[in-house]
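Please look at the sequence and the structure before reading on.

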Amino acid sequence: MGLDVYALRSPEEPLTEEDVLAFDQANIELCGGIFSGDGGSFRGKVYDMLILDITGESLYQQWIPPETVKEMAAALHRVDREEFTRAAPGQYRYDHFDAQTIEQLCKFFDVCVTLGLGLAGDW
């Protein structure tokens, strides 16, 4: 089952042009899917187990409110990058995870926190 994750203002309110620009300016490099991967979205299936392990939240949710996104961002920032790079190989289906993966996820979640955005999953 695939999963695309989209940053949104609310379940009914899409990003503004300014929101999309903020994501573009952050130069975030996360895996994209057929419909995701630009302007505030990424392929959630790739990162779900990693995010779940670090934050305790699955990306397989219809709506993750901004308050929870803020907590998830804080958890990502607490990850020891060196320890993660040593421990990640073999732990996840996608074995290319390293400190750079955490950095890119932090960048994405930081934009969400700054703009007060939640996340919507589509699978």
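Helices (H or I, at least four residues) and strands (E, at least two) are DSSP runs, numbered from the N terminus. Gln104 is located in helix α5. The model is predicted, so local features need pLDDT of at least 70 and side-chain atom pairs count only at pLDDT 80 or more, while totals for chains, interfaces and linings use all residues. Residues are numbered from 1 along each chain as its sequence is written, and side-chain values use heavy atoms, with hydrogens and water left out.

**Two buried residues**

Buried means under 20% relative accessible area, with exposed over 50% and partly exposed in between (1.4 Å probe, protein chains only). Contact means heavy atoms within 4.5 Å. The table leaves out contacts with residues up to four places away in sequence.

| Residue | Location | Relative accessibility | Contacts |
|---|---|---|---|
| Gln104 | helix α5 | 6% | Asn27, Ile28, Glu29, Leu30 |
| Ser36 | loop between α1 and β2 | 8% | Asp4, Tyr6, Ser41, Phe42, Arg43 |

Gln104 counts as buried because its relative accessibility is 6%. Ser36 also counts as buried, at 8%. Between Ser36 and Cys112 there are 76 residues in sequence and 16 Å in space, C-alpha to C-alpha.

**Helices α1 and α5**

Two packed helices are described by the angle between their axes and the distance between the axes. Axes are lines fitted to C-alpha atoms, for helices over the stretch in contact, and angles run from 0 to 180 degrees between N-to-C directions. Helix α1 (residues 17-25) and helix α5 (residues 99-115) have axes that come within 10 Å and cross at roughly 150°.

On the α1 side the contact is made by Asp19, Ala22 and Phe23, and on the α5 side by Phe108, Val111, Cys112 and Leu115. Six of these residues are nonpolar, none is polar and one is charged. Here Ala, Val, Leu, Ile, Met, Phe, Trp, Tyr, Cys and Pro count as nonpolar, Asp, Glu, Lys and Arg as charged, and the others, Gly among them, as polar.

**Helix α2**

The buried residues of α2 (residues 44-55) include Val46, Leu50, Ile51 and Ile54. Among the elements covering the buried residues of α2 are β1 (4-8), α3 (66-77) and α5. Gly56 follows α2 and has a positive phi, near 80°.

Technical notes: The expected span of a helix is 1.5 Å times one less than its number of residues.
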